[in-house]
Amino acid sequence: MDIKLIAANLDDLDTILQMQKEAFSELYAKYQDTETSPATEKYKDILFRFNQPETTYYFITANDEKVGVIRVADHKDGVTRKRISPIFIMPEYRNQGYAQQAIAEAERIHGEQHWKLDTILQEKGNCYLYEKFGYHQTGKTEQINDKMTIVFYEKD
């Protein structure tokens, strides 16, 4: 099933926040990363990023259903790496290829090269997904707590 990325507007931020809290609740329960988890963010955090000129939040849709969200930060200056942060698929829609399609579509819209992102090292499925798209680990990691490490990726 093909997805579409539909740019969100200011009126969509409550929906994005609620979806994000639900989508990240399992990871929050697993890792208890109170400081960094998207599950603990507030409206003001989403609003702050939304108002950044380089940011576009997209709903990932399939058959007119909102199956997830991807945020792309693209300075469009040819120098700064584009960034995906976050991307999430709602639990009931996972393992159907939507995240793969969303990344491919974001790269089609914003260009395939010069990207960065980060993910949880312990979540092997996430790492596999990004590596499949040509992202490589930079060697930089950040220990969040005794259960969780963030690993950084780039794609040239």
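Below are a few questions and answers about this predicted model.

The model being predicted, local features need pLDDT of at least 70 and side-chain atom pairs count only at pLDDT 80 or more, while totals for chains, interfaces and linings use all residues. Residues are numbered from 1 along each chain as its sequence is written, and side-chain values use heavy atoms, with hydrogens and water left out.

Q: Which residue pairs with Glu123 in a salt bridge?
A: A salt bridge here is a side-chain nitrogen of Lys or Arg within 4 Å of a carboxyl oxygen of Asp or Glu. Glu123 sits in the loop between β5 (115-120) and α4 (124-132), and its partner is in helix α1 (residues 13-31), so the pair ties together parts 93 residues apart in sequence. With an N to O distance of 2.8 Å, the partner is Lys30.

Q: Is Arg108 buried or exposed?
A: Buried means under 20% relative accessible area, exposed over 50%, and partly exposed in between (1.4 Å probe, protein chains only). Arg108 has a relative accessible area of 57%. That makes Arg108 exposed.

Q: How many salt bridges does the structure hold?
A: One of them joins Asp118 and Arg83, with the closest N and O atoms 3.0 Å apart. Arg81, Glu154 and Asp156 are linked in a network of salt bridges. The total is nine.

Technical notes. Helices (H or I, at least four residues) and strands (E, at least two) are DSSP runs, numbered from the N terminus.
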